[in-house]
Amino acid sequence: TLGDLATPELSGDIAVRNDGTAEKAVFRTADGSLRLQASPSPQGILLTIDGLGWTPAGLSVRFESLQAMALLQKNRLLVQRLDTTFLGGILKGNWLIDWSSGMVMAGEASLARLDASKVSSLLAPALRLEGELGGSLRMRATGAGWQAMLENVEANLDAEMSRGLLTGLDLGEVARRGSGAVVRSGTTRFERLTANLDIGGGRVVARNIELDAGL
């Protein structure tokens, strides 16, 4: 178990040395979408993780492909060298989850060619974006349990989008009206958009917006 989250049902093989200690183990999910190779080390259990079309329990995110190295210790899992294809693009980074006292999650990653509509629906449903998304992501979450932690995700995203559409706000109209004006609707179509996004507490704050929308 990882806190209040049970791992998927696994089967596999354990290789044992002549002295009875474990040498390595290989586990798979029933549908073959996730494969774990485990071996003991002085720091903990070393994991090599491979996934193909894997959807973690309790999440709506599907990992089309997944490769990672990880270290499992008592009450925490450190995922290193994460390389995965999901949400229509590529994510590379590292991730830590600790369940020694409640649940804590933290990670950072680089993003390339993600489907912005899928990302915004996952992290910020009120922000309706279309286009290709890249950049760097840092995130953290805490909670009493797994679901509570996922509901308290705070993220910072240095984003760069291309060939996109923002629904719900006309940034051109904001620029025309000037400082202090309020614009509550509209759409913005753009060739390129860069911004720093703070996501959390049910809202998105965008800073340092640079927009290229032709004329």
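Two strands count as paired if DSSP finds at least two bridges between them. In this predicted model, strand S10 (residues 154–167) and strand S11 (residues 187–200) are joined by 12 bridges and run antiparallel. Both belong to an open sheet of 12 strands, and a cluster of ring pairs links Trp-54, Phe-63 and Phe-86.

**Sheet**
- The strand order is S1-S2-S3-S4-S5-S6-S7-S8-S9-S10-S11-S12, with antiparallel pairing.
- Strand S1 (10–16) and strand S12 (203–212) form the edges, each pairing on one side only.
- From one strand to the next, the twist averages 15 degrees.
- Leu-157 has Leu-197, in S11, as its bridge partner.

**Helix on the sheet**
- Helix H1 (residues 116–123) lies across strand S8 (103–115), strand S9 (128–143), S10 and S11.
- The angle between H1 and S9 is about 30 degrees.

**Aromatic cluster**
- Two aromatic pairs are present in the structure.
- Trp-54 and Phe-63 are stacked because their ring planes lie at 25 degrees, with the ring centres 5.7 Å apart.
- The rings of Phe-63 and Phe-86 also form a stacked pair, with centres 5.3 Å apart and planes at 15 degrees.
- Phe-63 lies in strand S5 (residues 63–73) and Phe-86 in strand S6 (residues 76–86), so this pair ties together parts that are 23 residues apart in sequence.

**Burial of the ring residues**
- Trp-54 counts as buried because its relative accessibility is 18%, below the 20% cut-off.
- Phe-63 has a relative accessible area of 15% and is buried.
- Phe-86 is buried, as is Phe-63.

Methods: Residues numbered from 1 in each chain as written. Predicted model: local features only at pLDDT ≥ 70, side-chain atom pairs only at ≥ 80, totals over all residues. Heavy atoms only, no water. Helix = DSSP H or I, 4+ residues; strand = E, 2+ residues; numbered from the N terminus. Axes fitted to C-alpha atoms, helices over the stretch in contact; angles between N-to-C directions. Contact = heavy atoms within 4.5 Å. Phe/Tyr/Trp six-rings, centres within 6.5 Å; stacked < 30°, edge-to-face > 60°. Buried < 20%, exposed > 50% of the residue type's maximum accessible area, 1.4 Å probe, protein only.
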